[in-house]
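Dear colleague,

Please find below the structure that I am handing over to you. My findings follow it, arranged by topic.

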Amino acid sequence: MWSIYSVGEAVDDQQYPLTNSSAPAESGSVEMPRSTAAPLVLALGVALLAGGIAFGLSMSLVGLVVLLAGLGRWVANLLPGRGHFHEEFVAPQQRPQPVLGTTGAVQRLASGMPGYRAQLPVMVHPISAGVKGGLLGGLVLPLPALIYGIASGHGIWYPVNLLAGMVLPGIGKMSVGELEHFSLTFLLVGLFIHVATSLVVGLAYGVLLPTLPHIPKELAWGALLMPVLWTGISFAGMSLLNPSFLHRLDWPSFIFAQFVFGVVAGLIVRRLRPRGAVAAGLLAGGCGGACMVIPAAVWGWATGHGIWYPVNLLVGMILPKVAELPAADLEQFHANWLGYALAMHIPLSLAFGVALALLSPRLPEIPAAMSWGALLMPVLWTGASYSLMDVVNPVLEHRVNWPWFVVSQFIFGVVASIVVVRTEQFILPPVGRGPSPT
């Protein structure tokens with residue numbers, strides 16, 4: 001095969017190779033850069049980290065996690081063999097043909113000529129895909145909130161008024177009875193917040209989701225199932241054994257701890273399951289359970305309660321007498337309570353780890369867009385809402401039912417991602433007017 005080395009001169013490309021040495025011309029492939037959303041994720045993390053200065057520590061913590069994830073992904077793409085892939089030619093006629101140099105002048109490309117600053121045609125989703133996803137997700141998002149309002153006896157206007165309280169400080173001084181009544185002002189403010197946020201997040205999903213990489217099945221199911229199952233079981237158990245204790249837990253940090261468990265357990269199960277599912281599950285449960293302690297301890301330290309406060313809250317989930325104690329008593333170390341907490345935490349962690357190791361091979365693959373949609377939405381929206389409410393209306397933090405709130409964001413993320421992925425793609429044409437029609 002020959003290639004042009006200079007104008008009017010042809011040389012053998014065995015002497016002057018133009019491609020990466022890891023992809024010889026005989027392989028019938030061409031080296032292409034991998035698509036990555038790392039720069040966008042890094043920029044989002046920086047924005048959230050900076051936003052935490054105004055909106056509170058919770059947003060800064062979320063931003064730090066997102067920033068580190070984007071930075072790590074970006075650095076990983078710079079490693080040898082990680083940032084590129086070899087695209088195989090699908091047909092022999094598409095393979096490069098011998099190119100012979102010819103003498104003579106080279107025509108200079110000018111603006112408007114075919115090929116001038118041309119882009120490779122790619123398949124992209126239209127902007128309307130994000131708008132449709134945001135609107136449809138916004139339609140189904142209120143359903144869990146309305147169900148919660150009816151099931152709790154507060155009525156359907158209670159969650160609407162709480163949503164308006166994210167930007168209206170006066171709502172924090174209202175009693176629960178006042179928040180259960182209809183208010184046209186609160187309804188309009190709540191609708192504005194809801195529609196605007198749904199559209200913005202939907203547009204971000206339309207641009208971001210198609211570029212995000214595939215998530216391994218074990219990691220996707222672990223990160224999705226653990227917050228749902230563990231939080232659901234804890235919420236149901238407390239509702240039966242100690243309903244008055246539901247509002248003492250910090251649900252966002254509690255759910256984030258389950259997310260950390262799912263990620264750590266999923267990574268270990270994926271790597272070690274071929275050597276034995278049960279052993280891998282036990283190790284995954286033990287390591288995931290140990291890592292769960294870190295977010296809880298950070299939350300206790302950041303809120304000024306101390307590291308023993310979340311431990312004692314865990315005991316209060318099953319012992320009503322502990323739940324009735326003042327916060328000062330729950331901030332102290334108690335050896336017997338630590339024993340109760342370990343007796344709860346260790347078996348649950350091991351059981352969930354083994355369950356993930358045994359069930360993950362039988363579970364179906366989750367599309368990458370749906371995995372990211374369902375994971376990103378609860379983390380970002382809940383973190384932003386919690387931080388904003390901490391500044392505008394700290395009182396409402398304890399009135400919002402955070403498990404139901406996260407479920408709503410999870411449903412939005414799933415619905416919006418399905419709409420974006422199933423929207424028909426179109427070819428992005430090259431820049432320039434192109435040849436005149438004949």
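**Packing of H15 and H16**

Helix H15 (residues 368-392) packs with helix H16 (residues 402-422) at an angle of about 140°, and their axes are 7 Å apart. Please bear in mind throughout that this is a predicted model. Angles over 145 degrees would count as roughly antiparallel and those from 65 to 115 as roughly perpendicular; H15 and H16 are therefore oblique to each other. The crossing in which H15 passes H16 is right-handed.

On the H15 side, the contact is made by Ala369, Met370, Gly373, Ala374, Met377, Pro378, Trp381, Thr382, Ser385, Tyr386 and Met389. H16 contributes Trp402, Phe405, Val406, Gln409, Phe410, Phe412, Gly413, Val414, Ser417, Ile418 and Val421. Sorted by class, the contact of H15 with H16 has 16 nonpolar and 6 polar residues, and no charged ones.

Valine 406 belongs to helix H16. With a relative accessibility of 14%, valine 406 counts as buried, the cut-off being under 20%. Which residues does valine 406 contact, leaving aside its neighbours within four places in sequence? They are Ile255, Pro378 and Thr382. Pro378 and Thr382 are also among the H15 residues that make the contact with H16. The C-alpha atoms of valine 406 and proline 378 are separated by 5.4 Å, although the two residues are 28 residues apart along the chain.

**Packing of H10 and H11**

H10 and helix H11 (residues 308-316) pack at an angle of about 115°, with 7 Å between their axes. Ala296, Trp299 and Gly300 of H10 meet Tyr309, Pro310 and Leu313 of H11 in this contact. By class, the contact of H10 with H11 comprises 5 nonpolar residues, 1 polar residue and no charged residues.

**Salt bridges around glutamate 218**

How many salt bridges does the structure hold? There are 2. In one of them, glutamate 218 pairs with arginine 270, and the closest N and O atoms are 3.4 Å apart. Glutamate 218 lies in helix H8 (residues 217-241) and arginine 270 in helix H9 (residues 251-272), so this pair ties together parts that are 52 residues apart in sequence.

The partners may also be described by their accessibility. Glutamate 218, at 5% relative accessibility, counts as buried, whereas arginine 270 is partly exposed, with a relative accessible area of 46%.

Arginine 273 also forms a salt bridge with glutamate 218, with the closest N and O atoms 2.7 Å apart. This pair links distant parts of the chain, 55 residues apart: arginine 273 is in the loop between H9 and helix H10 (277-302), and glutamate 218 is in helix H8. Through salt bridges that share partners, Glu218, Arg270 and Arg273 are joined into one network.

**The covered helix H5**

Helix H5 (residues 157-164) is mostly covered, with 6 of its 8 residues buried. Those buried residues are Tyr158, Pro159, Val160, Asn161, Leu162 and Ala164. Their cover includes helix H4 (142-151), helix H6 (176-179) and helix H7 (184-208).

With kind regards

Conventions:
Residues are numbered from 1 along each chain as its sequence is written. This is a predicted model: local features need pLDDT of at least 70, side-chain atom pairs count only at pLDDT 80 or more; totals for chains, interfaces and linings use all residues. Side-chain values use heavy atoms; hydrogens and water are left out. A salt bridge is a side-chain nitrogen of Lys or Arg within 4 Å of a carboxyl oxygen of Asp or Glu. Helices (H or I, at least four residues) and strands (E, at least two) are DSSP runs, numbered from the N terminus. Buried means under 20% relative accessible area, exposed over 50%, partly exposed in between (1.4 Å probe, protein chains only). Contact means heavy atoms within 4.5 Å. Axes are lines fitted to C-alpha atoms, for helices over the stretch in contact, and angles run from 0 to 180 degrees between N-to-C directions. Angles under 35 degrees count as roughly parallel, over 145 as roughly antiparallel, 65 to 115 as roughly perpendicular and the rest as oblique. A crossing is left-handed if the near helix is turned anticlockwise from the far one by less than a right angle, and right-handed if clockwise. Ala, Val, Leu, Ile, Met, Phe, Trp, Tyr, Cys and Pro count as nonpolar, Asp, Glu, Lys and Arg as charged, and the others, Gly among them, as polar.
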